[in-house]
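This briefing is meant to be read alongside the sequence and the coordinates. It moves from the chain as a whole to its aromatic pairs, and then to a few individual residues.

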Amino acid sequence: MMAESTGVDRGIQSLIAARKSLKLSLEKSKAIGLALGKTGPRFDEIEQRLPLLEAAVRPIRADGEALKDVGGNINRAVGPAAAVLKVFDAVHGLEKSLLSDPKNDLSSYLSVLKRLEEALKFLGENCGLAIQWLEDIVEYLDDHHVADEKYLSNLKKSLRGLSEFHNDRGGGEEKERSQLRLDGGLRNAALDKLENEFRRLLKDNSVPLPMASPSSLGDQACIAPSQLPVTVIHKLQAILGRLRANNRLDKCISIYVEVRSLNVRASLQALDLDYLDISVSEFNDVQSIEGYIAQWGNHLEFAVKHLFEAEFKLCNDVFERLGLNVWMDCFLKIAAQAGMLAFLQFGKTVTDSKKDPIKLLKLLDIFTSLNKLRADFNRLFGGAACIEIQNFTRDLIKRIIDGAAEIFWELLVQVEIQKQTPPPSDGGVPRLVSFVTDYCNKLIGDKYKSTLTQVLLIHKSWRSERFQDNQLMVEVLRIIKAIEQNLDVWMKAYPDQTLAHFFGMNNHWHLYKNLKGTNIGDHLGDSWLKEHDQYKEYYATVFLRDSWGKLPSHLSREGLILFSGGHATARDLVKKRLKAFNDAFDEMYKKQASWVLPEKDLRDRVCQQIVQAIVPVYRSYMQNYGPLVEKDASSSKYVRYTVVALEKILSSLYMPKPMRYGSFKGTPPSEKFKNDVDLRRTTSAVV
């Protein structure tokens, strides 16, 4: 039993030992399994790194000479590329300065911009070289199997992109896009800021020229100085230099023209130039706009001598470094946009109006204004850039000369045609006579003679005809003598000889008075003038004799002395003669009440002669015989006028009616007459 028990114990211990051994084996197996699990990924990692390790050790397997040269080739390729990268970093370092406002320090801003331009130029010139060096070393590595193929493939792909970028730098928009990729649009942003600063400098320093009163514009002889300070001009020139270097000159000129032309227009606004836009259909004749024509001459002189002269000088100052063509073209655009052509168009509008003698004077006024500015026009608008203004001006001058000459040479014909018209029913001075005498005096007066002579001389020269020195005066004298012939025809046309004599007195005095002491009168001579004065005296004498001179005969005293003792008989005779006088007076007054003597001195003289011929006789007669009828109940039938009333009536005869002054269809200005006094009296005729 003991032995059996011992055997069992040993069996149990063996089992326990086996269990422990088995447990230990299982734990070791588990540990080995875990270790094997961790080893698998490491093998994968090693497997993945093997190509890199292979590439790393490939140079060791490469040819010795290739390995020896590769270092130098790499250094030569990396050197230019490193320089390019350094400059590229410098470009981005300028960004803060170039995005600031140039007005704070324009000089520094321009300096920084120039550095940017130089950097971009360096990049543009050296990027290609650096790429080429890099391409060469990659090709070398590939040919000698010094580097990994995948690595080389990535390098080749990157270099192809750089090469395409570099080669895509053509002209225009493509080049602009290429530059944008180089600097990220920094240069364009800086140039935009410079353009804005250019505009600001112009606007802040462009002030409309102060205007004088329109009446004194012609007295301003001084030339306006440059309207921009020298420091501002220097800044504008500096900006222009940079913008021009970056192909922005056209935009800069556009800004300059816009700002300065608006400034000129603002200067002209105070002159009220709306009349420049008037068309031929908006006025009947030149007389209706002659006030505008006078203004036009003053306004044109102001615009040329003060405004455009200043702009001409300023364009030269600002753009002189860019050449004549640039600044002249700039000035032309300013002149055109500011309204220079509108001034010339107004002159053309006047030339297009209908023919009229007054138009001749206005054409001469326009010619005088243009001729006065001829030197200024040639200097300001003589360049090739101003061809439109030159052509317009030449055409305008030709129209003026042709139009003025045509009207002048037709004057004589127009005067001769007028003789076919009936004479004035009031016996006054025909509108033609009063107009032509005044008109001819103006033509050869100090204001127009030299201008008209010059115009006719030019017109004749265009036709290869000769113009005599005295031809103007000869033609004017022919016109005056044609007026004489018209007077003779008109006098014969009156059926009433009294009115014909009244007309002759009127017009011969008009010629004498209005031509005596004038250039025309001097050329006609004293004998011609005296002849007309004598004609006036003759017709005045005949007129008075055959009209008012007959009235005193009605107040005859014949037979009244014999009946001095018989009041009734004498009273009847006085009544009869007073009635005859009154009837004759009323008839005469009614007949001549509408007749006119426009010349005051002649009118006063004629009225005084009539008064002297009638009033003394009437006064004496009424003093002696008036009492015979005043006590009569019917005295008002015979004593119609007092002496004072009669004198006032006679003194107020032949007053002219106010009429508008015109050309062949107008009348000269005359004094207004207004008589509100009732000159008829029925009370005592004796004062």
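In this predicted model, 44% of the 687 residues of the protein chain count as buried. The accessible surface of the protein chain comes to about 36,900 Å², and carbon and sulfur atoms make up 53% of that area. The secondary structure consists of 24 helices and zero strands, and among the contacts in the protein chain with a separation of 6 or more, 82% are between residues 24 or more positions apart.

- The structure holds 27 aromatic pairs, one of which joins Phe312 and Phe331 in an edge-to-face arrangement, with 5.3 Å centre to centre and 85° between the planes.
- Because Phe312 belongs to helix α10 (residues 290–319) and Phe331 to helix α11 (residues 324–338), this pair ties together parts that are 19 residues apart in sequence.
- Both partners are buried: Phe312 has a relative accessible area of 13%, which falls under the 20% cut-off for that class, and Phe331 has a relative accessible area of 0%.
- Another aromatic pair, formed by Phe543 and Trp595, is tilted, with 6.3 Å centre to centre and 45° between the planes.
- Phe543 lies in helix α21 (residues 526–546), whereas Trp595 is found in the loop between α22 (567–592) and α23 (600–630), so the pair ties together parts that are 52 residues apart in sequence.

**A charge over a ring**

- The charged end of Lys460 sits over the ring of Trp409, at 5.0 Å from the centre of that ring.

- As background, most residues other than glycine have a negative phi.
- Ser464, which is not a glycine, has a positive phi near 55°, and this residue lies in the loop between α17 (449–462) and α18 (471–493).
- Ser464 is exposed, with a relative accessible area of 70%, a value that is over the 50% cut-off for that class.
- Tyr654 likewise has a positive phi, of about 65°, although it is not a glycine, and Tyr654 is placed in the segment after α24 (643–651).
- Tyr654 is buried, with a relative accessible area of 0%, whereas Ser464 is exposed.

**Surroundings of Thr437**

- Thr437 is part of helix α16 (residues 431–443) and is buried, with a relative accessible area of 1%.
- A polar atom of the Thr437 side chain lies 2.9 Å from the backbone oxygen of Val433, a separation that falls within the 3.5 Å limit for a polar contact.
- When neighbours within four places in sequence are left aside, Thr437 is in contact with His510 and Leu511.

How values were computed. Residues are numbered from 1 along each chain as its sequence is written. This is a predicted model: local features need pLDDT of at least 70, side-chain atom pairs count only at pLDDT 80 or more; totals for chains, interfaces and linings use all residues. Side-chain values use heavy atoms; hydrogens and water are left out. Rings of Phe, Tyr and Trp (its six-membered ring) pair if their centres lie within 6.5 Å; planes under 30 degrees apart count as stacked, over 60 as edge-to-face and the rest as tilted. Helices (H or I, at least four residues) and strands (E, at least two) are DSSP runs, numbered from the N terminus. Buried means under 20% relative accessible area, exposed over 50%, partly exposed in between (1.4 Å probe, protein chains only). A charge sits over a ring if NZ of Lys or CZ of Arg is within 6 Å of the ring centre and within 35 degrees of the ring normal. A polar contact is a pair of N or O atoms within 3.5 Å; within protein, one must be able to donate a hydrogen and the other to accept it, and residues adjacent in sequence count only if both atoms are side-chain atoms. Contact means heavy atoms within 4.5 Å. Accessible areas come from the Shrake-Rupley method with a 1.4 Å probe; for residues, only the protein chains shown count as cover.
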